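Hi everyone, thanks for coming. Let me put the structure up so that we can look at it together.

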Amino acid sequence: MAKVIEMNHPLIQHKVTILRDKNTGTKEFREVATEIATLMAYEVTRDFPLEEVEIETPICKTKSKVIAGKKVGIVPILRAGLGMVDGFMNLIPSAKIGHVGLYRDPETLQPVEYYCKMPTDVEQREIIVVDPMLATGGSAIAAIQFIKDRGAKQIKFACLISCPEGIKALQEAHPDVDIYVAVIDEKLNDHAYIIPGLGDAGDRLFGTK
Ligand code: PRP
Ligand code: URA
């Protein structure tokens, strides 16, 4: 079963409170979402393997550690996932970026992929799927399936806010995908919004309604 890693760092908790506040405007929302994503990238990369290399300091030769050739792909779920990309790129600047976009068919309610472009060597990369909200889990479950269909084998999922319903659904659908979440909220409401949540992440990031 997939692990769920909830961030308990005070800086992350503090910044999530800023995102929740309805008086936080678009500019600050974007900046703070990026800051949280940067802090989360630190946790998401905690298990990256290291190898020793020989280097020379100004004083002497020594062996020191570097990340062992890990290839990373960051994949935002469009569109709100875009708000977490810069934060991850701050710490993993050599990562390649894929994109996956989907909408729910109003009649069948099934997720329909409208865009999916992965790095060419997706099967060799550790893929970090990002989306601020994991609510019912429908979007993340479908997006991860589309990414797996393109050949990805190692996937992690990172979000800012989730709830027990979304986490359970994602764990059941993709037991191989660990979930990194800044805060797990109480529940979903009747409109599938997270309570207390932060509202519609895409609208708050992009200033739409
Ligand atoms: C939001 C959010 C997730 C999805 C979560 O996107 O960014 O992708 O809802 O809900 P779920 O877990 O119930 O699927 P939305 O569908 O509003 O699209 P947007 O990013 O284009 O605004
Ligand atoms: N999507 C959002 O943007 N917010 C929620 O609370 C649920 C789904």
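Predicted model: local features only at pLDDT ≥ 70, side-chain atom pairs only at ≥ 80, totals over all residues.

Residues are numbered from 1 along each chain as its sequence is written, chains are lettered from A and ligands numbered from 1 in the order in which they are written, and side-chain values use heavy atoms, with hydrogens and water left out.

So, salt bridges. Here that means a side-chain nitrogen of Lys or Arg within 4 Å of a carboxyl oxygen of Asp or Glu. The count comes to 13 salt bridges.

Let's start with Lys 156, which pairs with Asp 47, the closest N and O atoms being 2.8 Å apart. Lys 156 sits in strand E10 (residues 154–162) and Asp 47 in the loop between H2 and strand E2 (50–56), so this pair ties together parts that are 109 residues apart in sequence. Helices (H or I, at least four residues) and strands (E, at least two) are DSSP runs, numbered from the N terminus. Is Lys 156 buried or exposed? Lys 156 is buried, at 5% relative accessible area, whereas Asp 47 is partly exposed at 49%. Buried means under 20% relative accessible area, exposed over 50%, and partly exposed in between (1.4 Å probe, protein chains only). Asp 47 and Lys 156 also belong to a salt-bridge network with Glu 126.

Next, Asp 178 and Lys 3 meet in a salt bridge at 4.0 Å, N to O. Asp 178 is in strand E11 (residues 178–184) and Lys 3 in the segment before strand E1 (4–6), so they join parts 175 residues apart in sequence.

Now please look at helix H5 (residues 164–173), whose buried residues are Gly 166, Ile 167, Leu 170 and Gln 171. They cover an arc of only 125° around the axis, which puts them on the same side of H5; the arc is that of the directions from the helix axis to the C-beta atoms. The face turned away from that buried side carries the exposed residues Lys 168 and Glu 172.

Finally, the ligand. An oxygen atom of ligand 1 is 2.5 Å from an N or O atom in the side chain of Thr 136. Backbone N or O atoms of Arg 79 and Ala 80 each lie 3.0 Å from an oxygen atom of ligand 1.

How values were computed:
Polar contact = N/O pair within 3.5 Å; in protein donor to acceptor, adjacent residues only side chain to side chain.
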